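Subject: Structure for your review

Dear colleague,

Please find below the structure that I am handing over to you. My findings follow it, arranged by topic so that you may check each one against the model.

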Amino acid sequence: MKPLFGLDTVALAARMIEMGEPAWRGPQLAEAIYRQRLTELREITTLPKAMRPKLTAEGWEVGRPRIAKVFCSVDGTERYLVQCQDGVTVETVWMPEGDGGEIGDGSDLDATDKDRQGGIAKSWDRATICVSSQVGCAVNCQFCLTAKLGLQRNLTAGEIAGQVVATLDRHSVVVDRDRVNLVFMGMGEPFLNYDNFMGAVALLVREVELSPQRMTVSTSGIVPGIERFAQEPQELRPKLAISLNAPNDLIRQEIMPINRKWNIETVMETVRGVKLRSRERITFEYVLLGGVTDQPEHAVEVARLVRRSGLPAKVNLIAWNPGPEIAYAMPHGEAVERFRETLVNAGIPAYLRRPRGRDIFAACGQLKRTVEGGSE
Ligand code: SAH
Ligand code: SF4
């Protein structure tokens, strides 16, 4: 069956015309699948009765990926195995109250009292959804569990946006009332699946009506992707995070082989080509590996590096989350705090991301489709 989910209003209208239906069936379908979040043709009661079997006969179904398994953490985080039409599963994470990573990059500027009040029955004030862009990943960062899967396949735009819509649906999110941030930081490297990733953003902005200013995409530093990203119109461009993870090229190429292709200075130079919105900042993510990247001299070097980049920036520190068969150590609490202080004292905003859902393998770098952990 062919999925309607993933086609925008214009494409839906074109399909309707091909079927001999009026073009305005396109917007009607878009309303049903992206805003009413219906998942079955028979639920779309705005369509004439005869048309629903006709769509089925022509091979169409709504085809939104579905949440097949739920793992609940003691901290409220939920990890989903989201199943695509071909049976492949990817991971999506729901973090009520986020993980602190959204502070200080411009996300908070548009918060209104209405946002803060939220709904009556909600147990969260703001939430963050962490979205996957590929099944597995080819980049092979040495500290990341997703890397162990290798790249299995790219996700389509509908499969990427579908993770978000399924999650919004599960939590009965009211898009123009509730405060939800999206981070494209799940499995995969979004900039190695650029067209589908940006296609998903376009669906989420234009059809689901989420703001790109509440979306952040993280890249390991894929320069051609950053170059294309710099050309995107502001109304479609999420905020940008770069996984820096090391104070210099020597250490970075050890832990992120991609650095041999595009080194730190090349990435910085390309990022300078992105025209930022007023008060927007670039986020540098920095995974602290005990003994490897968490030393005091590393913090001094990172401060210098970020300052020299000339970019309005903030640093998100992430204490490394352990995983089986990865021989790194978690950093000590004091090392993390000292690292943060060094950056802050050097005038660089630095925040510590709270690990969310470690008990269910939902935290950063732990997405490997583990089927254990937490209650269901
Ligand atoms: N592929 C993209 C986005 C997904 S990874 C990228 O690498 O940017 C999201 C973040 O998780 C990255 O900043 C990455 O450095 C970090 N990460 C990966 N493995 C981790 C681990 N085991 N513990 C903590 N953070 C990790
Ligand atoms: Fe891929 Fe990101 Fe993991 Fe690196 S950190 S292997 S780019 S998912």
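Which strands each supply at least two residues of the shell around ligand 1? They are β10 (215-219), β12 (282-288) and β13 (313-319). Please bear in mind throughout that this is a predicted model.

**Ligand 1**

The shell around ligand 1 holds 19 residues, and G188, S218, S243, N245 and N321 come nearest. Sorted by class, this shell has 8 nonpolar, 9 polar and 2 charged residues.

Several polar contacts can be described. An oxygen atom of ligand 1 lies 2.6 Å from a polar side-chain atom of S218. A nitrogen atom of the ligand is 3.1 Å from an N or O atom in the side chain of W320. Taken alone, ligand 1 exposes 530 Å², and 95% of that is buried by the protein.

N245, one of the residues that come nearest to ligand 1, is found in the loop between β11 and α8. Is N245 buried or exposed? It is buried, because its relative accessible area is 3%, and the limit for a buried residue is under 20%. A polar atom of the N245 side chain lies 2.9 Å from the backbone nitrogen of V287. Leaving aside neighbours within four places in sequence, N245 is in contact with F143, I255, M256, E285, Y286, V287 and T293.

**Ligand 2**

Around ligand 2 are C137, V139, N140, C141, C144, A147, G188, E189 and S220. This shell divides into 5 nonpolar, 3 polar and 1 charged residue. G188 is found around ligand 2 and is also among the residues that come nearest to ligand 1.

Helix α9 (residues 264-271) has I264, V267, M268, T270 and V271 as its buried residues. They lie on the same side of α9, because they cover an arc of only 165° around the axis. The buried residues of α9 pack against α7 (223-230), β11 (239-243), α8 (249-255), β12 and α10 (296-309).

In α7, the buried residues are V223, G225, I226 and F229. Their arc around the axis is only 155°, which puts them on the same side of α7. They pack against α6 (194-207), β10, β11 and α9.

K368 is found in the segment after β14 (350-352). With a relative accessible area of 29%, K368 is partly exposed. Not counting residues up to four places away in sequence, K368 touches E91, L145, L149 and M187. The C-alpha atoms of K368 and R307 are separated by 35 Å, and these two residues are 61 residues apart along the chain.

Most residues other than glycine have a negative phi. E209, in the loop between α6 and β10, has a positive phi of about 70° although it is not a glycine. E325 also has a positive phi, near 65°, and its place is in the loop between β13 and α11 (333-345). E325 counts as exposed, at 71% relative accessibility.

Yours sincerely,
A colleague

Notes. Residues are numbered from 1 along each chain as its sequence is written. Chains are lettered from A and ligands numbered from 1 in the order in which they are written. This is a predicted model: local features need pLDDT of at least 70, side-chain atom pairs count only at pLDDT 80 or more; totals for chains, interfaces and linings use all residues. Side-chain values use heavy atoms; hydrogens and water are left out. A residue is near a molecule or strand if one of its heavy atoms lies within 4 Å of it. A polar contact is a pair of N or O atoms within 3.5 Å; within protein, one must be able to donate a hydrogen and the other to accept it, and residues adjacent in sequence count only if both atoms are side-chain atoms. Accessible areas come from the Shrake-Rupley method with a 1.4 Å probe; for residues, only the protein chains shown count as cover. Helices (H or I, at least four residues) and strands (E, at least two) are DSSP runs, numbered from the N terminus. Ala, Val, Leu, Ile, Met, Phe, Trp, Tyr, Cys and Pro count as nonpolar, Asp, Glu, Lys and Arg as charged, and the others, Gly among them, as polar. Buried means under 20% relative accessible area, exposed over 50%, partly exposed in between (1.4 Å probe, protein chains only). The arc is that of the directions from the helix axis to the C-beta atoms. Contact means heavy atoms within 4.5 Å.
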